[in-house]
Amino acid sequence: MLSLYVAGFFLYHCLPATYVEHVNYSITSPAPIPFQKQCACAVNPRSVYNSPLGNPVKLEEELSKRGLHACYLEDKARGYRDMGLWKWLAYFSFEYIPKRLSFHEPSDPYSVMEQIPCSPLASDMPIVISLWKFDIPNYSFTLGKRKNLYYSGQCGSFEAKNLIPFVGKMPPQVYAYSSSGFFFPGEGFRAPAVLSVSFFERRVLIFLLKDGEVYKVFDQRSIRESVVEKGSYSLYAYTYSFHVWRLYFGLRFLLCTPAFQAT
């Protein structure tokens, strides 16, 4: 049994894996800072207001602590049911329980979720037991590290098509800029422009898609990429455990964006 667990643990942290035909390099020159504020929301969290159980005061406290506000979408968002039973079992067996026992912080479970096509991430896991201020599962777990980012003049005002699902610790910066101003995922701009992306994670593999096909791949935390051709540009970013040449192992979802439309 121990050997089976060790094999499962090894496979969990090495898979999925991908082979990259060519790794591009982007010179990370300084970029102007947008004047719009970056905001973050938790999609469809549960409380007694929209579910049988859940303390709304405790939910608000946890949201405030994480710098989030609640937003409710009728549009399709990926929730806990989209993980599937086997991925939940693998996550608890090889990620959550071992890291808790070793006093390390586990990653968000949604990092193992498939995110193609790109959709907002919902923190919609229901509360099963709610007694006074004690909720099972607690809001720390149901909210996790996931957030949906957007840029706005005032937080609270957003469009669902502009939400950027992100699973990680420190939110990245993702925008395009030109002499005409700043542009954000889900918006359009007139080329040429520069796409600016900056992450804080150690190992990040960034896929830049053009018209739905992989256009360039970057093994770096920051890119400044010139966009001169018309088209639809979007980003998918993953963390990884290690790589051997162009083989990348242990990919975990980090971020994806609605498309920029370059005209």
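How many Å² does the accessible surface of the protein chain come to, and what percentage of it belongs to carbon and sulfur atoms? The accessible surface is about 14100 Å², and 60% of it belongs to carbon and sulfur atoms; areas of this kind come from the Shrake-Rupley method with a 1.4 Å probe, and for residues only the protein chains shown count as cover. Please keep in mind that this is a predicted model, in which local features need pLDDT of at least 70 and side-chain atom pairs count only at pLDDT 80 or more, while totals for chains, interfaces and linings use all residues. Residues are numbered from 1 along each chain as its sequence is written, and side-chain values use heavy atoms, with hydrogens and water left out.

Let us start with the whole chain. Its secondary structure comes to four helices and 19 strands, where helices (H or I, at least four residues) and strands (E, at least two) are DSSP runs numbered from the N terminus. The radius of gyration is 19 Å, close to the 18 Å that the globule rule gives for 263 residues, so the chain is as compact as a globular protein of that length. For reference, this radius is taken over C-alpha atoms, and the rule is 2.2 Å times the number of residues to the power 0.38. The C-alpha trace spans about 55 × 50 × 30 Å along its principal axes. Of the 263 residues, 49% count as buried; buried means under 20% relative accessible area, exposed means over 50%, and partly exposed lies in between (1.4 Å probe, protein chains only). If you take the contacts (heavy atoms within 4.5 Å) between residues at least 6 apart in sequence, 70% join residues at least 24 apart.

Now to the sheets. Four strands, in the order E9-E8-E11-E14, form an open sheet with antiparallel pairing; two strands pair if DSSP finds at least two bridges between them. At the edges are strand E9 (181–183) and strand E14 (222–227), each of which pairs on one side only. From one strand to the next, the twist averages 25 degrees, with axes given by lines fitted to C-alpha atoms, for helices over the stretch in contact, and angles running from 0 to 180 degrees between N-to-C directions. Within this sheet, six bridges pair strand E11 (residues 193–198) with E14 in the antiparallel sense, and serine 198 has serine 222 in E14 as its bridge partner.

Next comes a hairpin. Strand E12 (residues 204–210) and strand E13 (residues 213–218) run antiparallel and are joined by five bridges. Two residues lie between them, and aspartate 211 in the turn has a positive phi of about 55 degrees. Leucine 208 stands opposite lysine 216 in E13. Phenylalanine 218 also lies in strand E13 and, at 0% relative accessibility, counts as buried. Leaving aside residues up to four places away in sequence, phenylalanine 218 touches Asn24, Tyr25, Ser26, Val204, Leu205, Ile206, Leu208, Ile223 and Glu225. Its C-alpha atom is separated by 8.9 Å from that of histidine 22, 196 residues apart along the chain.

Another open sheet has three strands in the order E1-E17-E16, again with antiparallel pairing. Strand E1 (18–19) and strand E16 (242–244) stand at its edges with a single partner strand each, so one side of each is left without a neighbour in the sheet. Three bridges join E16 to strand E17 (residues 247–249), and phenylalanine 242 stands opposite phenylalanine 249 in E17.

Finally, look at the aromatic rings. A pair of aromatic rings is described by the distance of the centres and the angle of the planes. Rings of Phe, Tyr and Trp (its six-membered ring) pair if their centres lie within 6.5 Å; planes under 30 degrees apart count as stacked, over 60 as edge-to-face and the rest as tilted. The whole structure holds 24 aromatic pairs. One of them is the edge-to-face pair of phenylalanine 35 and phenylalanine 182, at 5.9 Å centre to centre with 80 degrees between the planes. Phenylalanine 35 lies in the loop between E1 and strand E2 (37–43) and phenylalanine 182 in strand E9, so the pair ties together parts that are 147 residues apart in sequence. Phenylalanine 35 counts as exposed at 68% relative accessibility, whereas phenylalanine 182 counts as buried at 19%.
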